[in-house]
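Please look at the model before reading on.

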Amino acid sequence: MIRRLQRLAGQWQSPLVAAIALLVGSSVPLPASHNPDFGLCGPDKTLHATGHLALTAALISTIEGRNGGSTVHAILAATFISSAYGVGTELLQERIPGRNFESGDLLAGVFGSICGVLWWYQVSRHATEA
């Protein structure tokens with residue numbers, strides 16, 4: 001039983017690290033004076049996109065690797081989980097000083113998830129060609 005839990009924890013380590021990093025980054029209180037609006041491609045949006053890219057790619061690899069899951073199922077599940085997680089972190093931000101719900105952050109997360117699928121596809125394609 002313990003070995004199974006250790007193996008399971010090892011399989012989910014990458015998605016968990018990405019999810020925790022997104023949660024911590026989204027939960028840090030910011031003073032209003034230090035939270036400028038950088039517009040469409042500011043650091044905040046870039047970090048959301050990058051975090052969801054990493055989370056989605058890690059989820060695809062983990063889901064696909066479990067029991068020989070299908071690639072399409074893994075991609076759809078990972079994109080859904082990452083997007084839902086983005087909604088959750090945005091809802092959490094409403095309760096944190098200096099933070100608020102931003103639809104731009106949601107869009108950046110979805111964009112990052114799509115980029116994560118593309119990045120994962122490129123990496124896995126090159127791995128199978130080698």
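Helix 4 (residues 71–93) and helix 5 (residues 103–129) have axes that come within 9 Å and cross at roughly 155 degrees. Axes are lines fitted to C-alpha atoms over the stretch in contact, with angles from 0 to 180 degrees between N-to-C directions. Helix 4 is therefore roughly antiparallel to helix 5 (angles over 145 degrees count as such). The model is predicted: local features need pLDDT of at least 70, side-chain atom pairs count only at pLDDT 80 or more, and totals for chains, interfaces and linings use all residues. Residues are numbered from 1 along each chain as its sequence is written, and side-chain values use heavy atoms, leaving out hydrogens and water.

**Helix 4 and helix 5**
- On the helix 4 side, the contact (heavy atoms within 4.5 Å) is made by T71, I75, T79, S82, S83, G86, V87, E90 and Q93.
- Helix 5 contributes D105, L106, V110, S113, V117 and W120.
- The residues of this contact comprise 6 nonpolar, 7 polar and 2 charged, with Gly counted as polar.

**Fold**
- There are 5 helices and 0 strands in the protein, where helices are DSSP runs (H or I) of at least four residues and strands (E) of at least two.
- Along the sequence the pattern reads α-α-α-α-α.
- Of contacts between residues at least 6 apart in sequence, 74% join residues at least 24 apart.

**Burial and surface**
- Of the 130 residues, 28% are buried (under 20% relative accessible area, 1.4 Å probe, protein chains only).
- The protein exposes about 8300 Å², and 68% of it is supplied by carbon and sulfur atoms; areas come from the Shrake-Rupley method with a 1.4 Å probe.

Terms used. Parallel < 35°, antiparallel > 145°, perpendicular 65-115°, else oblique. Buried < 20%, exposed > 50% of the residue type's maximum accessible area, 1.4 Å probe, protein only.
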